[in-house]
Amino acid sequence: MKKLKNLPNKYTMKKIILIIISLLSLQAYSQENWFSGSFNSNAQYYLDDDKTGDFNEDDRFRSNNYLKLDARFNNFTFGIQVEGYAPQAILNYSPTFDKKIGLGNYYANYRTEKLDITVGHFYEQFGNGLILRSWEDKELGINNALIGGSIKYSPLNALQLTALYGKQRKGFDVSDGEILGFDTELNISELFKLKESSINLGFSAVSRIQDVENAAPNFNKSTNAFSGRLNFSKGNSYTNIEYVIKDEDALVEFKTVKTAKLATGNALVFNTGYSKKGFGIDATFRRLENMSFFSDREQEGNLYNQQVLNYIPSLTKQHDYSLTNIYVYQAQPKLSYNPIGKSGEIGAQFDVYYTIKKGSSLGGKYGTKLAFNYATWYGLDAEYNIVDRTYSSEFLSFGKKYFTDTNLEVRKKWSKQWASIFTFTNLFYNKRYVEETVGNVNATILVAESTYKITPKKSVRIEAQHLWTKEDKKNWWGGTIEYNLSPKISFFVTDLYNYGNELKKIHYYNIGGSFTKNTTRIGLNYGRQRGGLLCVGGICRVVPESTGIGLTISTSF
């Protein structure tokens, strides 16, 4: 695959235009076939600000743009994604995207009842993703697609086999490491016609092959990972378990691959739960040891989540509010000796949901919904030899506490027009081990939110938040007012104020609105971005403090 230039040359643009015309022309053959597309754009213009700092880089205007086209013709599906990051990608996206416009993804797929073949770029997940998951998240700047080929074959309704080969996308280039994968999924219930329960067995294997210059004698350039899993459900209950083993792999420190320092890895995930109308409980236990897995070894620990082969999100409550997302836990799967010894994590998350019945004294006319979440995470109990870069760990023993989060959410509908949400959060955050900086944080956060429907199409939402802590940057308060003039037009004003910070008291304000018509949405905002972590689905990226104007456009057709 050729590396694209900073701007597309005529040859590249001609290829893109010809592919687009070809996809569009497929629609004319038959009404049973289809063509679809989408366009997404996120643009920022950065401004100087005496609070967040002056913008000292050359390109104040930056944008990320994605045009995706897909078409089906009989058993074939084709697709491309044209991407533009011009004049640069927005702040703190991987520099591999900077000043690039070109063909990001392309694929061709052939599918029948038993066979599914893809060539080009594709996304795949084995099991929970502990040894393989490739995916795209534009908001986080992640596109870990594999480019190569994938074959899925189902000789029986109860059995699916998957084999794949590829290299991983790295901006507009590809990884040095090659990826081989195999997965099998067997539906025991389908095979033996069991009607009262569902039982699935799965096995996966992934191999990453990458040469390392000046490697130690007998160093194996292949790193293999194997996973076995069982999913069981009956009635209102469900249970699933997955266990992973990972071959010896080189230690990576500051992008240096040390092939003389090897360690194996493993992972265990156990999830169980029960649910019925008005009540549900879910519990997950996970242990990770040396489970960082990248298509190129030296990319371990990069800030942009580029070339990550597996999917290890933090198993904590995914919060909806600004102040509850200041101290966000990130999963700790890697082995590290510098500046402190870490080899993984161990912990659990519990969720309980309960609905107080309508008509009861606490439920009222419309009932009351309660949601309780508790998550606690520790480092592995291990002894580290910093000089020799070796360690030994206990399997089910807890080490240093990393994070604890206790949440209670109450949802109450007062009338047909008025509903509220109240949230209580108490957390402990170990900055030394999670961020590898200094200090611990104990914080309590309260949030109250109310929505009032003025008419069936007009509503106003008011949100108030407060965070108490004696550590770090001290206390915060925040608020939001959102006015939905109609299903098409809405406006908002938000502010976060770090009033407890004696060194830097600052308002992180934002004002903006959006317009939606059919499948098109346009959003415009002006304000300040609080520096820290931006998280989606338990995966985070670091964003810097900034001030500016933002424009987002999304449409599909």
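Helices (H or I, at least four residues) and strands (E, at least two) are taken here as DSSP runs, numbered from the N terminus. On that scheme, D296 sits in the loop between strand 15 (279-289) and strand 16 (344-356). The model is a predicted one, so local features need pLDDT of at least 70 and side-chain atom pairs count only at pLDDT 80 or more, while totals for chains, interfaces and linings use all residues. Residues are numbered from 1 along each chain as its sequence is written, and side-chain values use heavy atoms, with hydrogens and water left out.

Buried means under 20% relative accessible area, exposed over 50%, and partly exposed in between (1.4 Å probe, protein chains only). A salt bridge is a side-chain nitrogen of Lys or Arg within 4 Å of a carboxyl oxygen of Asp or Glu. D296 is buried yet has no salt bridge, and K170, the nearest side chain of opposite charge, is 4.1 Å away. For such charges, Lys and Arg count as positive and Asp and Glu as negative, with His and the chain ends not counted. With contact taken as heavy atoms within 4.5 Å, and neighbours within four places in sequence left aside, D296 touches K170, S175, D176, G177, Q210 and Q307.

Elsewhere, charges do pair up: the count comes to 25 salt bridges. One of them joins D70 and K68, at 2.6 Å from N to O. D70 counts as buried because its relative accessibility is 9%, whereas K68, at 31%, counts as partly exposed. Another salt bridge links K152 and E124, with the closest N and O atoms 3.2 Å apart. K152 lies in strand 8 (residues 146-156) and E124 in the loop between strand 5 (115-122) and strand 6 (136-137), so this pair ties together parts that are 28 residues apart in sequence. K152 is partly exposed, with a relative accessible area of 24%, and E124 is buried, at 11%. E409 and R411 also meet through their side chains, at 2.9 Å from N to O. Here E409 is buried, with a relative accessible area of 10%, while R411 is partly exposed, at 37%. Shared partners also turn up, with salt bridges joining E449, R461, E463 and E482 into one network.

Next come the nonpolar cores, each a set of buried Ala, Val, Leu, Ile, Met, Phe, Trp, Tyr and Cys residues joined through side-chain atoms within 4.5 Å. The largest has 25 residues, of which L323, Y327, Y429, L467 and W476 touch the most other members. Two or more residues each come from strand 17 (368-385), strand 18 (390-413), strand 19 (418-430), helix 3 (431-434) and strand 20 (440-455). Strand 20 gives the most to this core, with 4 residues. Not counting residues up to four places away in sequence, W476 is in contact with residues including L323, L467, Y508 and R530. A second, separate core holds 19 residues, among them L146, L164, I179 and M291.

On the surface, Y45, F61, V493, I511, F515, I522, L524, Y526, I549 and L551 form a nonpolar patch, with about 850 Å² of accessible area together. Patches are made of residues with over 30% relative accessible area and no salt bridge, with like charges joined within 9 Å and nonpolar side chains (Val, Leu, Ile, Met, Phe, Trp, Tyr) within 5 Å. Accessible areas come from the Shrake-Rupley method with a 1.4 Å probe, and for residues only the protein chains shown count as cover. Strand 24 (507-517), strand 25 (520-529) and strand 28 (546-556) each give two or more residues to the patch, and strand 25 gives the most, with 3 residues. I511 lies in strand 24 and, at 47% relative accessibility, counts as partly exposed.
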